[in-house]
Each structure stands twice: as structure tokens, then as C-alpha cells.
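Please take me through this structure in the viewer, one selection at a time.

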4 protein chains.
Amino acid sequence: MSLNSFGHLFRVSTWGESHGPAIGAAIDGCPPGVPLEAAMLQHWLDRRRPGTSKYTTQRREADQVEILSGVFEGVTTGTPIQLMIRNTDARAKDYGDIADKFRPGHADITYWLKYGVRDYRGGGRSSARETAMRVAAGGVAREVIKSLIPGLRIKGYMVQMGPHRIDRSNFDWDQIEMNPFWTPDASAAANWAVYLDALRKSGNSVGAVIEVVARGAPPGLGAPVYAKLDTELAAACMSINAVKGVEIGEGMDAATLTGEANADEISMGPDGPVFNSNHAGGILGGISTGQDIVLRFAVKPTSSILTPRKTITKSGQETEIITKGRHDPCVGIRAVPVGEAMVACVILDHMLLHRGQIGTNRGKIG
Amino acid sequence: MSLNSFGHLFRVSTWGESHGPAIGAAIDGCPPGVPLEAAMLQHWLDRRRPGTSKYTTQRREADQVEILSGVFEGVTTGTPIQLMIRNTDARAKDYGDIADKFRPGHADITYWLKYGVRDYRGGGRSSARETAMRVAAGGVAREVIKSLIPGLRIKGYMVQMGPHRIDRSNFDWDQIEMNPFWTPDASAAANWAVYLDALRKSGNSVGAVIEVVARGAPPGLGAPVYAKLDTELAAACMSINAVKGVEIGEGMDAATLTGEANADEISMGPDGPVFNSNHAGGILGGISTGQDIVLRFAVKPTSSILTPRKTITKSGQETEIITKGRHDPCVGIRAVPVGEAMVACVILDHMLLHRGQIGTNRGKIG
Amino acid sequence: MSLNSFGHLFRVSTWGESHGPAIGAAIDGCPPGVPLEAAMLQHWLDRRRPGTSKYTTQRREADQVEILSGVFEGVTTGTPIQLMIRNTDARAKDYGDIADKFRPGHADITYWLKYGVRDYRGGGRSSARETAMRVAAGGVAREVIKSLIPGLRIKGYMVQMGPHRIDRSNFDWDQIEMNPFWTPDASAAANWAVYLDALRKSGNSVGAVIEVVARGAPPGLGAPVYAKLDTELAAACMSINAVKGVEIGEGMDAATLTGEANADEISMGPDGPVFNSNHAGGILGGISTGQDIVLRFAVKPTSSILTPRKTITKSGQETEIITKGRHDPCVGIRAVPVGEAMVACVILDHMLLHRGQIGTNRGKIG
Amino acid sequence: MSLNSFGHLFRVSTWGESHGPAIGAAIDGCPPGVPLEAAMLQHWLDRRRPGTSKYTTQRREADQVEILSGVFEGVTTGTPIQLMIRNTDARAKDYGDIADKFRPGHADITYWLKYGVRDYRGGGRSSARETAMRVAAGGVAREVIKSLIPGLRIKGYMVQMGPHRIDRSNFDWDQIEMNPFWTPDASAAANWAVYLDALRKSGNSVGAVIEVVARGAPPGLGAPVYAKLDTELAAACMSINAVKGVEIGEGMDAATLTGEANADEISMGPDGPVFNSNHAGGILGGISTGQDIVLRFAVKPTSSILTPRKTITKSGQETEIITKGRHDPCVGIRAVPVGEAMVACVILDHMLLHRGQIGTNRGKIG
């Protein structure tokens with residue numbers, strides 16, 4: 001039972017602090033014989049990397065990942081894969097004020113109370129920097145998925161920034177890669193650019209909602225009752241820094257529906273059952289239906305802002321704080337590749353679990 | 001790694017099907033020396049029991065819990081506590097139609113595809129009946145909490161039925177126990193009674209949102225990064241039947257806030273830090289702040305309804321289905337004690353984890 | 001993390017006390033579609049059942065196992081299988097003396113010190129009665145093995161009673177079922193009968209060594225480094241009551257060998273590699289070779305004996321104790337089916353793990 | 001569930017191959033506030049380091065450990081501690097022959113069959129080099145133990161080399177540090193030096209038995225039934241490379257004893273119960289008694305020897321092999337610090353588990 005690990009058979013354990021010498025992840029249980037090299041992971045890391053636009057933190061990190069074990073002559077060996085990224089742009093001087101004061105809305109105070117010691121430089125272990133390793137692990141998962149679930153496509157995108165939601169009638173998959181917000185709505189992207197730039201200049205920040213879709217997952221993934229696929233996706237997403245809400249399918253709005261409206265009717269297609277709608281988000285009773293798996297999560301605004309906020313010091317003195325570090329005006333942007341990575345890891349893990357217990361799906365229709 | 005278990009040190013594993021001979025739960029890791037008898041658990045089970053009002057299923061189950069192990073001369077021994085409830089009112093005849101057809105919105109089809117066999121009687125393992133054992137386990141957790149975290153109070157209530165939300169200005173804690181919906185808003189209770197009765201008579205059902213508050217949890221519970229307190233609460237609630245969304249604090253609405261609005265300012269009170277607001281829902285960086293822990297989850301409408309819905313049979317024929325069993329028009333009502341129970345188990349589990357790794361909080365302020 | 005569970009994917013959790021209302025086991029992760037009924041388990045339970053000869057405890061327990069969940073219409077459903085045996089012949093009066101005194105060599109004193117409460121009736125949770133549930137779980141494992149590893153045969157037998165070892169030149173597989181000691185050496189069986197009868201009459205007891213062989217396990221089961229097949233077999237056997245030593249292959253005697261003598265040479269047979277000897281006991285680097293898996297474990301003598309032994313009371317008074325209950329003169333006899341069951345569970349668990357991570361063996365020779 | 005991890009609350013996960021860029025270990029769950037620096041771990045690593053005498057492999061590794069996370073300003077933070085050692089003296093050329101042939105008695109063939117790929121350089125993941133990280137992790141455990149169980153002393157030593165056992169009447173604790181075999185019997189050390197030198201020169205190797213004693217462990221550590229302290233110690237030791245047998249207390253010889261001889265009588269001392277003997281090895285019913293915890297494990301001879309042995313190639317051709325690498329004539333020597341480290345980790349883990357579930361021992365005597 002490791003508190004810094006997730007997954008059952010494809011198990012990811014991360015370590016490292018924002019401004020320590022390095023961060024890393026170990027992946028245990030990866031199937032052998034999968035072609036893997038650092039460049040494959042770099043592709044995904046580059047999407048999460050800070051400093052790529054004015055809408056993300058200006059910290060400059062190359063985020064060059066090294067594979068230290070578990071790969072031999074270009075393929076996975078089935079033994080633990082250790083990934084590591086050296087921290088390079090760690091300006092400790094930026095964080096002097098934080099050593100003594102607790103940032104409101106930040107883990108500073110809870111880490112202090114619990115542990116009596118904390119690496120305050122850049123948030124230490126509580127920093128969103130940890131999510132780089134999730135993205136790297138997700139990159140490994142994607143390589144395994146290529147052979148194990150070849151039809152699977154996982155795509156994340158932003159559907160809301162602050163109070164501004166996308167217009168679903170503008171939804172265009174190709175648009176996602178064409179704007180700095182990973183949003184499928186070109187019009188929203190244009191409006192958000194103006195909105196966020198103003199917030200950024202005022203030293204403020206804002207939250208966002210990310211949606212992730214997994215298309216092509218086979219039916220049968222998941223398990224009753226506490227390892228339901230939706231439970232594990234919810235846990236995976238809620239564990240991402242700053243996430244405060246998670247939804248599957250209709251999510252919180254499921255409360256507003258009647259049973260008649262909510263039940264996705266079933267008909268028979270040429271290749272098996274077809275669902276006439278997808279309120280369920282692709283999961284029934286904790287097990288995938290074969291439809292798109294759809295989830296959303298809400299990312300709160302960065303708590304490190306330039307506006308002075310009331311707080312206290314370690315000695316209990318009341319004071320104010322301004323966080324001068326290089327922070328994300330909307331950390332939700334960089335949460336998009338993180339969300340995708342978590343979904344990739346969870347689905348692969350359940351594919352392995354499924355293969356372990358069941359082999360292949362045993363029920364036939366028709 | 002058990003798929004039907006949750007918790008680390010206070011570990012709950014449930015078993016049993018809706019219409020099998022019995023359902024049960026084992027609790028491993030319970031501290032010894034805690035006074036425990038079946039009547040203490042019965043108190044909580046009676047709140048979840050079906051058939052107590054016209055707003056819940058008319059299935060009649062005494063839900064009498066037996067303690068089969070782990071208690072000697074009235075106190076827990078530290079060894080596994082096995083709880084069991086015999087199923088008594090299991091009318092198998094009600095479910096003949098379901099043996100061959102898949103109910104839209106239900107786990108019927110996914111269980112069939114995955115396992116190739118399913119106990120279709122009442123949903124078998126996927127039935128909400130399983131939640132009775134969560135409530136029983138929560139009852140055990142509450143007895144341990146009495147000595148370990150004496151000030152802790154956990155209370156759940158309904159804040160939304162269908163599209164109808166409570167008016168927070170009517171919030172009255174005492175009202176919760178005075179209406180069949182466990183809602184703190186008397187006016188909402190009156191309106192919902194009319195609304196739900198009409199839905200019930202038309203054979204339809206509706207969703208709901210439940211909120212649970214834990215007051216008096218000490219600061220310091222939780223852990224980075226994948227065993228965050230909010231992660232584990234989210235997983236615990238998402239694992240409840242029919243839940244499709246989970247929120248901590250501001251939840252999905254955290255996306256709409258700016259960093260300035262979201263950061264709960266800190267001042268110094270007579271007994272330590274005081275937060276001037278609680279957007280965080282009592283958890284920062286995955287660790288409790290000492291404020292109220294606030295979460296919400298959305299329960300979808302029961303999928304077993306009297307309106308005919310299109311579906312298919314095991315042999316792939318298109319057909320319609322009406323589910324004639326005795327079902328809940330708003331299963332969210334009975335989810336209230338279930339949500340409370342899950343929160344009790346998670347908080348106790350983290351209290352034990354905290355004691356194991358840390359002892360007591362090590363950081364002092366002032 | 002449950003302290004009363006073992007296994008990864010085929011996970012067994014037991015509960016219950018010797019003289020409580022019942023004992024039981026939950027099996028989570030069992031593959032679906034396996035024919036299973038109580039009578040199949042009863043076969044194995046009857047081999048471990050007390051009171052079958054004068055060489056085992058005279059306690060009379062029918063040990064009738066019930067299947068309470070996880071089986072529907074005669075086949076496993078993939079959900080938790082709950083097994084239960086009601087305790088019937090629980091004479092609490094026999095144990096009055098033990099409530100206050102600690103039996104030397106028994107868990108009485110350690111349970112008391114740790115928990116401050118213990119079910120002293122028959123040893124409570126520490127009783128060898130718990131092993132009945134291991135045998136039942138092993139029976140489930142054997143039914144799964146029939147389809148998953150059809151060639152596998154698991155056989156346990158006694159190779160030493162007290163200082164008296166079998167003569168390996170007398171080894172006869174058919175003899176094992178023909179004497180009350182499950183020994184393959186008919187001559188040893190005759191001698192042990194006299195030896196043990198004398199010990200029994202004098203109220204004394206004695207230890208034994210059990211050997212278990214698994215023939216027909218495929219190569220490739222196991223994993224580096226902490227889930228080695230030999231590690232898990234050792235843990236499984238060491239967890240059996242009264243076991244104090246475990247050996248794989250040459251075991252402790254491996255220390256006496258040179259590298260030249262120990263290395264099992266390999267040649268090429270018609271169906272793949274053939275090993276010219278089996279010092280390794282069928283496991284190299286934690287992974288099965290395809291040879292016989294051979295292990296042994298030593299069972300200490302029952303500590304409940306009629307000879308007076310010095311001890312103390314809960315209030316710290318020095319005294320003597322005679323344990324008058326109905327105990328086994330050589331509890332090693334009944335450990336034979338228990339050892340077989342543990343081996344069956346571990347091998348099946350690793351078969352599922354292997355299928356989960358690898359699918360089927362990926363390396364070919366020739 | 002990680003296959004390369006052990007421990008519950010103090011959880012150690014290792015990674016890395018013998019001739020890869022580095023090896024490492026992550027420790028999750030370490031209590032915060034413990035002074036820790038690399039030099040403290042180096043002390044223990046230097047004892048296991050190869051090339052320190054002619055009786056160990058002549059591979060030259062500095063084994064300089066780095067702490068990459070989890071320590072801030074000289075104390076542990078409670079977050080994962082990542083330890084890493086760069087491999088420096090990795091002569092890949094030595095291993096050309098092994099790429100194609102399987103060494104008898106080695107994991108070569110099983111890794112190949114299972115995974116279809118293996119890092120053959122120096123045994124890759126199956127190399128004893130992995131044990132360096134156990135020693136490093138044990139070093140961390142020892143620093144925590146200093147504050148948590150201040151009286152605990154853990155000491156390992158060799159009691160048998162090949163067929164030659166020590167004479168217990170020569171036992172001298174101080175002698176252990178004074179000879180290259182870590183044996184308490186000076187006379188045995190002298191004899192073994194001659195014996196092993198001859199074996200070494202002939203290119204042969206030999207096995208050994210190591211004993212580890214933990215003095216000063218409090219009573220109450222451990223748990224029924226599958227997390228017994230002896231179970232976990234057995235698993236920890238059996239997971240060490242080349243170990244084939246594990247014993248607690250009397251071990252395999254417990255089989256030879258009568259109940260009368262085996263039961264350690266109890267009397268009352270000034271500070272609580274006193275046991276008049278210690279056949280149990282300090283553990284009853286899986287829980288520590290407060291006596292010395294005594295265990296032994298047998299290490300088989302190194303399988304990499306200079307004598308030609310029959311084997312086959314990957315293409316199935318019969319051939320012979322001589323392993324020319326730099327190997328240990330008695331790898332048991334370097335297993336001494338490894339065994340100590342595993343015992344330290346297991347005892348600390350159970351101390352944390354005990355504190356989590358129980359707090360402090362609840363039972364009083366007298």
C-alpha cells in the first residue's frame with residue numbers, strides 16, 4: 001500500500017519535489033516486448049511542458065525524460081520501468097517568502113501541520129510539477145495500448161474556462177490541436193485568449209473544466225463494486241492537483257434527469273448492441289459498455305496569485321502574502337494532457353486486470 | 001488487491017447478491033477494545049432500510065445484521081469482524097423477464113458481456129442492496145470514531161431532487177430528520193413530496209444530489225499524492241450504485257472562480273488558524289485543514305421503470321422492457337445514509353493511516 | 001491491505017474464531033464460468049476434518065461448508081464467493097482455565113499483550129480451526145485449475161514425524177491415501193503409528209515435516225523480485241499455524257552444496273528444455289521452470305498438552321497449566337491438506353497474474 | 001499491487017538492472033522528521049559492497065547512493081524517498097556468451113521463457129546487485145528505528161558455510177566484525193578461509209546459512225493470520241536472491257521436538273513476563289513476544305562457476321557453459337547485511353502497522 005502509487009497491475013509510483021534534484025516515476029507490471037524509447041514519452045511531455053505560451057507558467061524546464069530501467073534493446077522487459085526528469089530551472093530565491101507564510105488555498109498549511117516539515121520550494125511534493133510524471137507514465141501506457149487495444153483513442157480538451165463554456169455546436173476535433181487551450185470550439189478559443197490575458201496581467205487566475213473521451217475501449221472493462229471503472233477514473237482525476245470535481249457521462253446533471261430520459265436504449269447493430277444515447281458515459285455498473293467513455297473534471301484556479309491575500313506565519317502572526325513565482329493563470333490548460341494520461345493508465349490497468357481474471361469477454365449476444 | 005474492498009487499514013470487503021441467501025461485509029483492521037453489538041449497527045441500517053415510506057422500494061427486508069466474528073464479550077478483538085444479513089423477501093418471480101432482456105441504463109448488459117453469467121435476480125451483485133453492508137460497516141466506523149475522534153459529526157442530506165434545489169437560506173440541521181427526504185429545507189421537502197409522488201405514480205424515477213458534511217475532523221488527515229483525502233472520498237462515493245459525479249467543496253463550480261475569489265484566507269484564532277471561507281471543502285493538497293469536510297455526489301435515476309424502453313435480448317432480438325419489480329422512485333433518498341457511511345469509513349481509515357505513519361500532527365503554529 | 005487476506009488476483013480473506021458462531025472465507029477475483037458446488041469443497045474439507053482417527057483431535061465438527069454468494073446456477077459469477085462453516089461442537093467449558101492463564105508456546109500471551117482482549121475459547125482467531133477455510137478456498141482454486149492448468153497435480157504428504165524421517169527408497173504415491181499420516185512410506189506409517197500412540201497416551205505431542213509437490217505447473221509463473229513464486233509459497237506456508245520453517249527444493253541443505261553440484265544441467269528434450277536434476281525445486285529466479293515445484297514446511301508440536309508446564313496468570317502470578325481440551329498429538333497430520341490448499345491458491349493466483357501481465361509465455365526455445 | 005515492492009506502511013520498491021545505467025529504491029510511508037543523509041546509508045552499503053575481500057566478486061562498484069527526494073534540510077519529509085546508485089563498473093563484454101546460452105541454476109531460462117526478452121548483462125533484474133537497494137532501504141529503516149524503537153539491535157552473521165557449521169560454544173558477538181565472513185566463531189572463520197580459498201581457486205562456489213537476531217523488539221508486533229510477523233520475515237528473506245529455505249526459532253528442527261520440549265515456559269520477572277527458553281524464536285501466533293527474534297536462511301551457491309556445465313542455447317542446441325564473470329565464491333557472505341536490512345524493514349513496517357491499528361499495546365500483566 002503505497003500512498004504515492006496508483007493502479008493494480010499497471011502500477012505507477014511517483015516521487016520527487018518541484019525544486020529537488022529530480023522527479024520520477026516507476027511503472028511496475030508493464031507487459032514485456034513493447035517497443036519503448038524516451039522520445040515516445042517526450043512527445044507527450046512536451047504538451048504539458050511549462051513555458052510554451054504566455055498562458056502557462058514561464059518556468060523553463062526542458063523536461064527531458066530518461067529511462068533508467070525496464071527497457072533493453074528498445075523493448076520493455078516486464079521489470080520496473082524507472083523514468084526520471086532532472087529539475088533544471090529551480091530558482092529557489094523566488095520562494096523565500098513562502099518558507100514562513102502559508103499561501104491561502106494551497107497545501108502549505110496542511111503539509112506543515114501534518115508533517116512538521118515541508119519542502120516549501122515551489123510547493124515541494126504538492127506542486128503540479130508532479131503531474132509531469134503522470135504524463136510520462138501515460139506515454140508508456142499509450143505504447144502498450146497500441147498493441148493491446150489498438151483501436152483506442154484518448155483525447156482531452158477544455159470545455160469551460162471560468163464561467164465561459166464552449167458551444168457544443170462548434171465542436172471540431174481538429175480544432176483541439178490548433179489553439180493554446182486545447183479546446184474544440186474555435187470561437188471559445190478566441191474569446192478565452194482575451195479573457196485570460198486580462199486575468200494574467202492583473203495577476204489573477206481562473207479555473208476550468210476538462211473533458212476526456214476514450215473511444216474504442218472494449219466492453220467489459222471494470223469490476224464490481226469498489227474497483228468500478230468509473231470509481232477508478234474518478235480517483236485518478238481527483239488525485240490531479242487542484243481538481244475539485246469529477247463527472248462520468250451526465251455527471252452532476254444526472255440528478256436532474258428522470259429514469260425515462262436517462263436510460264440509454266439498446267438496439268441491435270450489425271456488430272452487436274448499439275446504444276441510442278450515452279447518458280451513462282460509457283460505463284454501466286462499473287463496467288464499460290463499448291461506447292465512448294466520457295468524463296470531466298474541474299480544476300480550481302491557481303492559488304499562487306499576485307493579489308495580496310490575508311494569511312498567517314508559522315509563528316502565528318497575521319500578515320498578507322503575494323506569490324511572486326512564475327505561475328499558471330489557468331492551470332487547467334496543462335491539466336489536459338494530464339487527464340488524458342490518467343485515463344490511459346486506468347484503462348490499460350483494467351485491460352490487464354480483465355485479462356487476468358477473465359481472459360476475454362465471455363458473454364455473447366445473438 | 002480485492003476488487004470488492006476499500007480502505008487501507010480499516011478495510012471493508014463486501015459480498016453477496018440481492019436475491020442470494022445473504023449479503024455481508026468483513027472489516028479487517030478494526031482497532032480492538034471498542035464496544036460493539038449488533039443493535040448499534042441496526043440503528044443505521046434502519047435508516048437505509050427499504051419500505052419505510054412510499055418514496056422507497058416496497059421490498060420488505062428486516063435487514064437484521066448478525067456479527068459472526070471479531071467481537072468477544074461485547075468488544076472488538078482486533079480480528080476480522082464479519083457482518084451478515086440474511087435476505088428474506090427475495091421474490092425471484094418478479095425478475096423472470098430480466099433473465100433474458102437487458103434493462104437500459106442498468107448493469108445487466110455489461111455484466112453479461114464480461115462474465116458470460118450473471119445473477120439476474122434483482123440485479124445480483126450490481127443491486128443497491130449491496131449498500132446495506134456499507135451502512136453496517138459505517139456503523140462500526142462510527143463506534144471506533146467515538147473514542148478516536150470524539151468530536152467528529154458526519155451528516156448527509158439531500159440538496160437537490162431532479163431539477164429542484166434546496167434554498168440554502170432555509171437550511172435547518174434539525175429539519176433533516178423530520179422529512180422522508182433527509183433534506184434540511186422544509187419547504188423543499190413539501191414540494192418534493194408532491195413532485196415525487198406524481199413521478200412514482202407514473203412509474204418514472206428521478207435523480208438527486210446528496211451532500212455530506214464531516215465536522216470536527218482534525219487537520220492533517222490525508223496524504224500526497226494518490227491517497228489524497230479528497231481522492232479517497234471521491235472514490236468511495238463514486239463506487240456507490242448510480243453515482244455519476246462527485247464534488248469536494250466548490251466542486252465543478254471551482255472552475256468558475258478566480259484565484260482571488262477561491263483562496264480561503266487565513267487568520268489566527270484563539271486555538272489556531274481560522275479560515276475565513278471554505279471553498280476548499282476542508283481539504284488542501286489532499287490533507288484536511290480542520291474545517292468542515294464538504295462533499296456532494298449526484299445519484300442518477302433508477303433505471304428500473306414502468307415506462308416501456310427499447311432493448312434487446314440475449315439472442316440479439318430487439319424488444320421492449322418494463323421493469324415491474326419494486327423499485328425506488330428516487331434512489332437518492334436511501335443514498336443519504338450510504339454516503340454518510342462511506343465518509344465515516346474513509347475518515348477513520350485515514351485517521352489510522354495518519355497514526356501509523358506520523359503518530360500525531362508534528363507541525364505547530366504560533 | 002488486509003491482514004487476514006492473501007493472494008493478488010485470486011484473493012482469499014478468512015474470518016472467524018474457533019468457538020464463535022461460524023468461520024468463513026471470501027474469495028475475490030475468481031474467474032467466472034467455473035462449475036462449483038459445496039460438495040466439491042466438502043471433499044477436501046473432509047480430509048482435514050477433526051476426529052477422523054485417534055491421531056487427530058476428538059473434537060467433532062461436521063465442517064459442512066455453505067456457499068453464500070458468487071455462484072449462480074452452479075457456476076461462478078466472477079463476484080466474491082463467500083464460504084461459511086457453522087461451528088457446532090464448541091464446548092466452551094473446556095477452556096475455563098485458559099481464560100486466565102497463558103499456555104506456553106501458544107498465542108495466548110501475545111494476543112493479550114497486543115489487543116488487551118482475546119477470544120480465549122479454543123484459541124479464538126489463533127486456532128488451527130482457521131485452516132479449514134484455507135482448505136475450502138483451495139478447493140475452489142482446484143476447480144478453476146481444472147480448466148486453466150488442466151495438467152496440474154498437487155499432492156502433499158508427511159516426510160518426517162518427530163525425529164523419524166521416511167526412507168525415500170520406499171516412496172509410493174499410492175500409499176499416501178492408505179494411511180492416517182498421508183505418508184508415501186508404508187514402513188514409516190507402521191512405525192509412526194506405534195510412536196504417536198505412545199505420545200498421545202502420555203498427553204504429549206510432536207512435530208512433523210510436510211512436503212508438497214506441484215507437478216505440471218507451466219514454466220513462467222512468478223515474478224521478480226518480491227513476488228517471486230518461492231517467496232509467495234514460503235509466505236503461504238509460513239502463515240499456517242505452527243509452521244516454523246519453509247524450504248524450496250534443496251531448502252536449508254542448499255547451503256551444503258557446491259555450485260557445481262547444485263546447478264541443474266539443461267538438455268533438449270522432444271518438447272523443450274529438460275533439466276537433469278531438480279535441486280531448485282522447480283523455481284529459478286522466482287519463476288517456475290516447468291519441473292515439479294517441491295516445497296517442505298515444518299510444523300511444531302501442539303502446545304496444548306497434558307504435561308504440567310510453568311506459566312503465569314493475567315494478574316502476573318506464577319502457576320502451572322495443563323491443557324485438557326481435545327488436541328492433536330501431531331497437528332502436522334492435518335496440515336497436509338492445508339499445505340496442498342495453500343499451494344493450489346498461490347499457483348492459481350500467479351497463473352492469473354501471469355495472464356494479466358503477459359498473456360502467454362513469450363519466449364521460445366528452438 | 002507492485003511485484004517489486006514489499007512492506008505495508010513502510011513500503012520499499014526497487015528497480016534497476018545489474019548493468020543498466022542505475023539501480024534504485026523508493027521508500028513510501030517513511031515517518032517525517034527523521035534526520036537522514038546519504039552518508040548514513042553509505043555505512044551499510046559499504047558492508048555489502050563487492051570487491052572488499054578476495055572472498056567476494058571482484059567487480060568494483062563504489063555504490064555511492066544519492067537521495068533524490070523525500071529529504072529536506074536534512075530530515076525526512078514524509079513523502080517518497082528515492083535512492084539511486086549509478087552503475088559504474090559494468091563490463092558488458094564479459095557477458096557475451098550468456099546472451100545466447102542459459103546458465104544452469106540461474107534465472108536466465110525462466111526470464112526468457114516468461115518475458116521473451118531479458119537484459120542478460122550480469123543477470124539484469126535477477127542479479128544480486130538488486131540487494132544493494134535493500135541494504136540502502138534498511139539503512140533508512142534503521143534511522144527511523146532509532147527514534148521509534150530505540151532499544152532495537154539487529155545483527156546478522158554466518159553460522160554455516162557449505163557443510164561446516166559454527167560451534168555455538170565459541171559464539172562471540174564481537175568476533176562478527178572481525179572476519180570477512182561475519183561469523184561469531186573465530187575458529188570457524190579460520191577454517192572457512194582455507195576452505196573457501198580452495199573452492200575459489202577451482203572456480204567453484206558454495207552455499208551458506210545466515211542467522212539474524214533482532215534484540216529489543218517490543219512484544220505485540222505482528223498480526224493474524226496472513227500478516228504474521230514470521231510470515232513476513234520469511235517472505236522478506238525468501239525474496240533475497242539465491243535463498244532456498246527460511247527458519248524462525250527452531251525452524252525445520254521444530255519437527256523433531258515434543259510439545260513438552262518445545263513449549264517455552266513463562267515466569268514473572270521484575271518488568272513483566274520472562275520466557276525460560278526461546279524455541280519460538282520470539283514469535284507466538286505471528287506476534288512478537290519481546291524475546292529475541294531469531295531467524296535463519298540458506299543461500300544456495302552461486303550458479304555462475306568456471307566448471308563447464310551442460311546447457312542449451314536459445315535455438316535449442318545442446319552445449320556447455322563456463323561463466324567467466326567476476327562472481328562470489330560464497331554469495332552468502334554478502335547476504336549478511338542484506339538479511340539484516342530486510343529484518344529492519346519488516347520490523348519497522350510492523351511497528352507502524354501496530355501504531356496505526358492499536359496505538360500502543362493494550363494488554364497488561366500483573
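Begin in chain C of this predicted model by selecting helix H5, residues 229–238, together with helix H7, residues 332–357. The two axes cross at roughly 145° and come within 9 Å. Viewed along the line that joins them, H5(C) and H7(C) form a right-handed crossing. To see the contact itself, display Leu229(C), Glu232(C), Leu233(C) and Ala236(C) from H5(C). Their counterparts in H7(C) are Met342(C), Val343(C), Val346(C), Asp349(C) and His350(C). Sorted by class, this contact of H5(C) with H7(C) comprises six nonpolar residues, one polar residue and two charged residues.

Remain in chain C and select helix H1, residues 38–48, and helix H3, residues 131–148. Their axes come within 8 Å and cross at roughly 140°. H1(C) and H3(C) are therefore oblique to each other. The crossing in which H1(C) passes H3(C) is right-handed. On the H1(C) side, show Met40(C), Leu41(C), Trp44(C), Leu45(C) and Arg48(C). These meet a set of residues in H3(C), among them Thr131(C), Val135(C), Gly139(C), Arg142(C) and Glu143(C). The class count for the contact of H1(C) with H3(C) is eight nonpolar, two polar and three charged residues.

Now move to chain B and select helix H1, residues 38–48, and helix H3, residues 131–148. The axes lie 8 Å apart, and the helices pack at an angle of about 140°. That angle makes H1(B) oblique to H3(B). H1(B) passes H3(B) in a right-handed crossing. Eight nonpolar, two polar and three charged residues make up the contact of H1(B) with H3(B).

The next stops are interfaces between chains. Colour chain C and chain D separately, and select the residues in contact: 111 from chain C and 111 from chain D. About 9,100 Å² is buried between the two chains, with 62% of it on carbon and sulfur atoms. Two salt bridges are counted between chain C and chain D. One of the pairs to display joins Glu265(C) to Arg309(D), and the closest N and O atoms of this salt bridge are 3.7 Å apart.

Turn next to chain A and chain C, where 18 residues of chain A are in contact with 18 residues of chain C. Here the chains bury about 1,300 Å² between them, 58% of it on carbon and sulfur atoms. Select Pro32(A), Arg355(A) and Gln357(A), which supply 39% of the area that chain A buries against chain C, more than any other three residues. How many salt bridges cross the interface of chain A and chain C? The count is zero.

Salt bridges may also be followed within a single chain. Over all chains, a search of the whole structure finds 72 of them. For an example, display the side chains of Arg129(A) and Asp63(A), which meet in a salt bridge with an N to O distance of 2.8 Å. Arg129(A) lies in the loop between helix H2 (108–115) and helix H3 (131–148) of chain A, and Asp63(A) lies in the loop between helix H1 (38–48) and strand S4 (65–67), so the pair ties together parts that are 66 residues apart in sequence.

The final stops concern the backbone. Most residues other than glycine have a negative phi, and most peptide bonds are trans. Select Glu73(A), which is not a glycine but has a positive phi of about 50°. Glu73(A) is in the loop between strand S5 (71–72) and strand S6 (75–76) of chain A.

In chain B, centre the view on the peptide bond from Pro224(B) to Val225(B), which is cis with omega near -10°. Val225(B) belongs to the loop between strand S10 (208–215) and helix H5 (229–238) of chain B. Then go to chain D, where the peptide bond from Pro224(D) to Val225(D) is cis, with omega near -10°. The loop that holds Val225(D) runs between strand S10 (208–215) and helix H5 (229–238) of chain D.

Terms used. Residues are numbered from 1 along each chain as its sequence is written. Chains are lettered from A and ligands numbered from 1 in the order in which they are written. This is a predicted model: local features need pLDDT of at least 70, side-chain atom pairs count only at pLDDT 80 or more; totals for chains, interfaces and linings use all residues. Side-chain values use heavy atoms; hydrogens and water are left out. Axes are lines fitted to C-alpha atoms, for helices over the stretch in contact, and angles run from 0 to 180 degrees between N-to-C directions. Helices (H or I, at least four residues) and strands (E, at least two) are DSSP runs, numbered from the N terminus. Angles under 35 degrees count as roughly parallel, over 145 as roughly antiparallel, 65 to 115 as roughly perpendicular and the rest as oblique. A crossing is left-handed if the near helix is turned anticlockwise from the far one by less than a right angle, and right-handed if clockwise. Ala, Val, Leu, Ile, Met, Phe, Trp, Tyr, Cys and Pro count as nonpolar, Asp, Glu, Lys and Arg as charged, and the others, Gly among them, as polar. Contact means heavy atoms within 4.5 Å. Buried area is the accessible area (1.4 Å probe) that two parts lose on being put together, summed over both. A salt bridge is a side-chain nitrogen of Lys or Arg within 4 Å of a carboxyl oxygen of Asp or Glu.
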